Amino acid sequence: MVKTAEKMVSTENDKVKITIIPRFCKGCEICVRLCPKSVLGMEMFKVKVVDVDKCIRCGQCELRCPDFAIFIEKKD
Ligand code: SF4
Ligand code: SF4
């Protein structure tokens with residue numbers, strides 16, 4: 001059986017790339033509540049990026065997600 005890669009959804013600007021793996025996200029909202037800049041929100045019980053330009057790349061979302069469903073990539 002061939003395994004396919006997990007579907008990823010990325011949102012980016014020139015400073016940061018935020019990647020979400022929707023299948024891993026259990027919709028616990030931990031990252032939404034921890035994000036100091038209201039970058040993240042919920043849609044259909046999954047996390048989504050509301051405003052990538054507000055992200056200060058603190059990494060709290062990635063660090064605290066219990067399901068490894070969100071990743072931050074700093075660009076500079
Ligand atoms: S902390 Fe992880 S599992 Fe919970 S809503 Fe955020 S991305 Fe989804
Ligand atoms: S890195 Fe920080 S500011 Fe950016 S989305 Fe995650 S918690 Fe919010």
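**Close-up 1. Strands E3 and E4 form an antiparallel pair.** Strands are DSSP runs of E, at least two residues long, numbered from the N terminus. Two strands pair if DSSP finds at least two bridges between them. Glutamate 43 faces lysine 46 of E4 across the pair. The model is predicted: local features need pLDDT of at least 70, side-chain atom pairs count only at pLDDT 80 or more, and totals for chains, interfaces and linings use all residues. Residues are numbered from 1 along each chain as its sequence is written, while chains are lettered from A and ligands numbered from 1 in the order in which they are written.

**Close-up 2. The hairpin of E3 and E4 has 2 residues between its strands.** Most residues other than glycine have a negative phi. Methionine 44, in the loop between E3 and E4, has a positive phi near 55°. Phenylalanine 45 lies in the loop between E3 and E4 and has a positive phi of about 65°. Methionine 44 counts as exposed because it has 7 C-beta neighbours inside 10 Å. Phenylalanine 45 is exposed, with 11 other C-beta atoms within 10 Å. (Exposed means 12 or fewer other C-beta atoms within 10 Å, buried 20 or more, and partly exposed in between; C-beta atoms are placed from the backbone.)

**Close-up 3. An open sheet of 3 strands runs in the order E1-E2-E5.** Its pairing is antiparallel. E1 (9-12) and E5 (70-74) are the edge strands; each has a single partner, so one side of each lacks a neighbour in the sheet. Strand E2 (residues 16-20) is joined to E5 by 5 bridges. Threonine 19 sits opposite phenylalanine 71 in E5.

**Close-up 4. Isoleucine 20 belongs to the largest nonpolar core.** This core has 13 residues. Such a core is a set of buried Ala, Val, Leu, Ile, Met, Phe, Trp, Tyr and Cys residues joined through C-beta atoms within 7 Å. Among those with the most contacts inside it are Ile20, Val47 and Ile70. Leaving aside neighbours within four places in sequence, isoleucine 20 is in contact (C-beta atoms, placed from the backbone, within 7 Å) with Met8, Val9, Cys25, Val47, Ala69 and Ile70.

**Close-up 5. Residues surround ligand 1 and ligand 2.** A residue is near a ligand if its C-beta atom, placed from the backbone, lies within 6 Å of it. Around ligand 1 are residues including Cys25, Cys28, Cys31 and Cys65. Ligand 2 has 15 surrounding residues, with Cys35, Val39, Cys55, Cys58 and Cys61 the closest.

Conventions
Helix = DSSP H or I, 4+ residues; strand = E, 2+ residues; numbered from the N terminus. Contact = placed C-beta atoms within 7 Å.
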